[in-house]
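Biologist: I would like to go through this model with you, one part at a time. Please take a close look at a single helix and its surroundings for me.

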Amino acid sequence: MEEFENDVKKAIRNHERAALKSELQDLEATISKKSTLKKGTPKWLVAASVALLISLSGYYLIAGNSLNNQELYAEYYQPYRNVIHPVVRGDSSTDLKTTAFVYYENNNYKKAYDTLLKLYKKDVNPDYLLYQGICLLELNQPKKAITIFSKSLENNTTYSTKVTWYLALSYLQQNDIEKATFYLNKYLKSGDLFKKDEAETLLKKLK
């Protein structure tokens, strides 16, 4: 159902962009026509009108690219499953590690992040950084996620290849195509199969 809703929203946005582009083209034609009908129209006024249209078109193109990047991010992003500390039903443990991943599996990313921070201070396991970063992405804080993922890569953890994938997506969400492309290539060179096909396809879309 969620995928269907995303497809509908994408179709609506594409339709709106096409309509805007058509309106700009019609406006440009109208200005040109009126300027020829009205003798003595100052050249500077015609030039200013055309310049305005170019600016609007440029803004449209930039905004369109930004929307595309966000759409791509939404299409390829999904949180990584809990493989560090799978939660067993009926487990009544209240230790920090269990509590953090119970929150994570229940999509309570704010409490999961806060608990993971406490857990990391107590048990400095760099593997936790992957899940901290994902929580931040879920909380729409990609800049902080990038900091966490970068820190994780410095430690060369068990999940470094997965972190590289999510770091690429974080930069994509920030519309930084250069760094997104860099980390996608780095991910593919790692030989990891987790998101190999998706990374190859996404790279082609970013070119």
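What covers the buried residues of α4?

Modeller: Happy to! Please keep in mind that this is a predicted model, where local features need pLDDT of at least 70 and side-chain atom pairs pLDDT 80 or more, while totals for chains, interfaces and linings use all residues. Residues are numbered from 1 along each chain as its sequence is written, and side-chain values use heavy atoms, without hydrogens and water.

The cover of the buried residues of α4 includes α3 (96–105), α5 (128–138) and α6 (142–154). Let me place that in the whole chain. There are nine helices and zero strands (DSSP runs numbered from the N terminus: H or I of at least four residues for helices, E of at least two for strands). Read from the N terminus, the elements run α-α-α-α-α-α-α-α-α. Of the 207 residues, 33% count as buried (under 20% relative accessible area, with exposed over 50% and partly exposed in between, using a 1.4 Å probe on protein chains only). Among contacts (heavy atoms within 4.5 Å) with a separation of 6 or more, 56% come from residues 24 or more positions apart.

Now to α4 itself. Helix α4 covers residues 109–122, and its 14 residues should span 20 Å at 1.5 Å a residue; the end C-alpha atoms are 20 Å apart, which agrees. The expected span is 1.5 Å times one less than the number of residues. The residues that α4 buries are Y109, A112, Y113, T115, L116, L119 and Y120.

P79 touches Y109, along with Y104, I134, E138 and Y166, if residues up to four places away in sequence are not counted. P79 itself is partly exposed, with a relative accessible area of 31%. Its C-alpha atom is separated by 9.6 Å from that of N107, which is 28 residues away along the chain.

Two of the covering helices, α3 and α5, also meet each other. Their axes come within 12 Å and cross at roughly 35 degrees (axes are lines fitted to C-alpha atoms, for helices over the stretch in contact, with angles from 0 to 180 degrees between N-to-C directions). On the α3 side the contact is made by K97, F101 and Y104, and on the α5 side by Y128, Y131, I134 and C135. By class, the residues of the contact of α3 with α5 are six nonpolar, no polar and one charged (Ala, Val, Leu, Ile, Met, Phe, Trp, Tyr, Cys and Pro count as nonpolar; Asp, Glu, Lys and Arg as charged; the others, Gly among them, as polar).

Between α4 and α5 runs a loop that holds N125. At 22% relative accessibility, N125 counts as partly exposed. N125 and T157 are 8.9 Å apart in space, C-alpha to C-alpha, and 32 residues apart in sequence.

The remaining helix on that list, α6, has 13 residues that should span 18 Å at 1.5 Å a residue, and this agrees with end C-alpha atoms 18 Å apart. Buried in α6 are P142, A145, I146, I148, F149, S152 and L153, and the buried residues of α6 pack against α5, α7 and α8. Just after α6, N156 takes a positive phi of about 50 degrees.

The axes of α7 (residues 160–173) and α8 (residues 177–189) come within 8 Å and cross at roughly 160 degrees. In this pair, T161, T164, W165, L167, A168, Y171 and L172 of α7 meet I177, K179, A180, Y183, L184, K186 and Y187 of α8. The residues of the contact of α7 with α8 divide into 10 nonpolar, two polar and two charged.

Apart from neighbours within four places in sequence, T164 is in contact with L153, Y183, K186 and Y187. Y187, in turn, sits in α8 and is buried, at 0% relative accessibility. Setting aside residues up to four places away in sequence, Y187 touches T161, T164, W165, D192, L193, F194, K195, K196 and A199.
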